[in-house]
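Notebook open. I want to look up a few residues, the charged pairs and the ligand site.

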Amino acid sequence: MRVQVDANQCQGHGLCQMTAPQVFALRDEDGHAYVLEEEVDGDLATAAREGADSCPERAINVG
Ligand code: SF4
């Protein structure tokens, strides 16, 4: 499964990183999220989906 963060939609709330720190991190420069692993499966895919669900901006695409 592929995970992507839409940098234009991300507002840097950090909920994705709090929910799934093994998949998402925040940039030091602007506090916006990026993915540590673009291709995930198993437990990481589950974590990525939970992180996507946690995003209030719907900035994370999984699939
Ligand atoms: S939860 Fe959404 S808006 Fe917040 S940092 Fe993560 S991707 Fe960005």
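Where does Val40 lie? I find Val40 in the loop between β3 and α2. Helices are DSSP runs of H or I with at least four residues, strands are runs of E with at least two, and both are numbered from the N terminus.

**Ground rules.** I am working on a predicted model, where local features need pLDDT of at least 70, side-chain atom pairs count only at pLDDT 80 or more, and totals for chains, interfaces and linings use all residues. Residues are numbered from 1 along each chain as its sequence is written, and side-chain values use heavy atoms, with hydrogens and water left out.

**Entry: Val40.** Val40 is buried, at a relative accessible area of 3%. My cut-offs: buried is under 20% relative accessible area, exposed is over 50%, and partly exposed is in between, with a 1.4 Å probe and protein chains only. I then checked Val40 against Arg2. The two are 38 residues apart along the chain, and their C-alpha atoms are separated by 6.3 Å.

**Entry: salt bridges.** I searched the whole structure and got 2 salt bridges. The test is a side-chain nitrogen of Lys or Arg within 4 Å of a carboxyl oxygen of Asp or Glu. One joins Glu38 to Arg2, with 3.2 Å between the closest N and O atoms. Glu38 lies in the loop between β3 (33-35) and α2 (42-54) and Arg2 in the segment before β1 (3-5), so this pair ties together parts that are 36 residues apart in sequence. The other joins Arg2 to Glu39, with the closest N and O atoms 3.3 Å apart. Here too distant parts of the chain are linked: Arg2 is in the segment before β1 and Glu39 in the loop between β3 and α2, 37 residues apart. I note that Arg2, Glu38 and Glu39 are linked in a network of salt bridges.

Are these residues buried or exposed? Glu39 is exposed, at 52% relative accessible area. Glu38 is partly exposed at 41%. Arg2 is partly exposed at 35%.

**Entry: cavity.** I counted 1 cavity of 30 Å³ or more. On a 1 Å grid over the protein atoms alone, a cavity is a set of points where a 1.4 Å probe fits but cannot get out, and lining residues have an atom within 4 Å of a point. Grid points are joined across faces, edges and corners, and a volume is the space filled by probe spheres set on the points. The largest cavity holds about 110 Å³ of space. I list 15 lining residues, of which Cys10, His13, Gly14, Cys16 and Cys55 lie nearest its centre. By class, this lining has 10 nonpolar, 4 polar and 1 charged residues. For the classes, Ala, Val, Leu, Ile, Met, Phe, Trp, Tyr, Cys and Pro count as nonpolar, Asp, Glu, Lys and Arg as charged, and the others, Gly among them, as polar.

**Entry: ligand.** Where does the ligand sit? The ligand sits in the largest cavity. To pass, more than half of its atoms must lie within 2 Å of the grid points. The residues around the ligand include Cys10, Gln11, Gly12, His13, Cys55, Glu57 and Ile60. I count a residue as near if one of its heavy atoms lies within 4 Å. The shell has 7 nonpolar, 4 polar and 1 charged residues.

**Entry: Ile60.** I followed up this member of the ligand shell. Ile60 lies in strand β4. Ile60 is buried, with a relative accessible area of 10%.

**Entry: Arg58.** I looked at the backbone here. Arg58 has a positive phi of about 55 degrees although it is not a glycine. Most residues other than glycine have a negative phi. Arg58 lies in the loop between α2 and β4 (60-62). At 52% relative accessibility, Arg58 is exposed.

Entry: Thr46 is in helix α2. Thr46 is partly exposed at 40% relative accessibility. From Thr46 to Ala20 I have 9.2 Å, C-alpha to C-alpha, and 26 residues in sequence. Gln22 is in the loop between α1 (15-19) and β2 (24-26). Gln22 counts as partly exposed at 41%.

Conventions: 1 Å grid on protein atoms, 1.4 Å probe; cavity = no way out; pocket = protein on both sides within 12 Å on 5 of 7 lines; lining within 4 Å.
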